Amino acid sequence: MPCEVDASKWSGEGTFTQIVIDRLREIEAIRTVRVEDAPSTRSDADYNFISNEIFVAFATAVRVERVRRFGFLPASRTITEKAMTVAGLEAALTTLSEVGPPDYSDDGMLQYLRTERVVPPYQTRGYKLVELVRLYEVGAPRRS
């Protein structure tokens, strides 16, 4: 089943974000990717800060396990398992030269920060482009 991408809440800014989305489409354990502009995006004369959030839903597999209830009654239990975790996604993206290891990661999030200097033609002074990309797992429990 191919990966579904919802970019309806994304402005399309961020070349690194596009690279990450393209690589996520190639991972078979991912079912849904949603991309959104983060509210912290801003622009100034000397720099342009782009912040995007990517929400990932992993594929699941269902299996039936035989158990005994009360030690003697035969029964079956349905178990749903995710095909990948955030740690597995980190390992998969780290092996790709275009993406590489995240700058920060924990149990529920991966964060990438990329910067580049942009000098448009016919201008003596350029600006710094800072792109922050955060990847979250959909349905992951929130920390309090």
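## The loop between strand 5 and strand 6

Phe70 lies in the loop between strand 5 and strand 6, where strands (E, at least two residues) and helices (H or I, at least four) are DSSP runs numbered from the N terminus. This is a predicted model, in which local features need pLDDT of at least 70, side-chain atom pairs count only at pLDDT 80 or more, and totals for chains, interfaces and linings use all residues. Residues are numbered from 1 along each chain as its sequence is written, and side-chain values use heavy atoms, with hydrogens and water left out.

Is Phe70 buried or exposed? Phe70 is exposed because its relative accessible area is 72%; buried means under 20%, exposed over 50%, and partly exposed in between (1.4 Å probe, protein chains only). Phe70 also has a positive phi of about 60°, although it is not a glycine. Phe72 is found in the loop between strand 5 (60–69) and strand 6 (73–82), and it is exposed too, at 55%.

## A nonpolar patch on the surface

Together, Phe70, Phe72 and Leu73 form a nonpolar surface patch with about 380 Å² of accessible area. Patches are made of residues with over 30% relative accessible area and no salt bridge; like charges are joined within 9 Å, and nonpolar side chains (Val, Leu, Ile, Met, Phe, Trp, Tyr) within 5 Å. A salt bridge is a side-chain nitrogen of Lys or Arg within 4 Å of a carboxyl oxygen of Asp or Glu. Accessible areas come from the Shrake-Rupley method with a 1.4 Å probe, and for residues only the protein chains shown count as cover.

## The largest nonpolar core

Now let us turn to the inside. In soluble globular proteins, nonpolar side chains tend to be buried together. The largest nonpolar core here has 23 residues, of which Leu24, Ile30, Ile54, Leu89, Leu93 and Leu135 touch the most other members. Such a core is a set of buried Ala, Val, Leu, Ile, Met, Phe, Trp, Tyr and Cys residues joined through side-chain atoms within 4.5 Å. At least two residues of this core come from each of helix 1 (15–25), strand 2 (30–37), strand 4 (47–58), helix 2 (86–94), strand 8 (109–118) and strand 9 (127–137). Helix 1 gives the largest share, four residues.

Which residues does Leu135 touch, leaving aside its neighbours within four places in sequence? Its contacts (heavy atoms within 4.5 Å) are Val20, Leu24, Ile54, Val56, Leu89, Leu93, Gly108, Met109, Leu110 and Tyr112.

## Two aromatic pairs

There are two aromatic pairs, counting rings of Phe, Tyr and Trp (its six-membered ring) with centres within 6.5 Å; planes under 30 degrees apart count as stacked, over 60 as edge-to-face and the rest as tilted. The rings of Phe16 and Tyr112 have centres 5.5 Å apart and planes at 55°, so this pair is tilted. Phe16 in helix 1 and Tyr112 in strand 8 are 96 residues apart, and their pair links distant parts of the chain. Phe16 is buried at 6% relative accessibility, and Tyr112 is buried at 0%.

The rings of Phe55 and Tyr136 also have centres 5.5 Å apart, but their planes are at 20°, so this pair is stacked. Phe55 lies in strand 4 and Tyr136 in strand 9, so the pair ties together parts 81 residues apart in sequence. Phe55 is buried at 15%, while Tyr136 is partly exposed at 22%.
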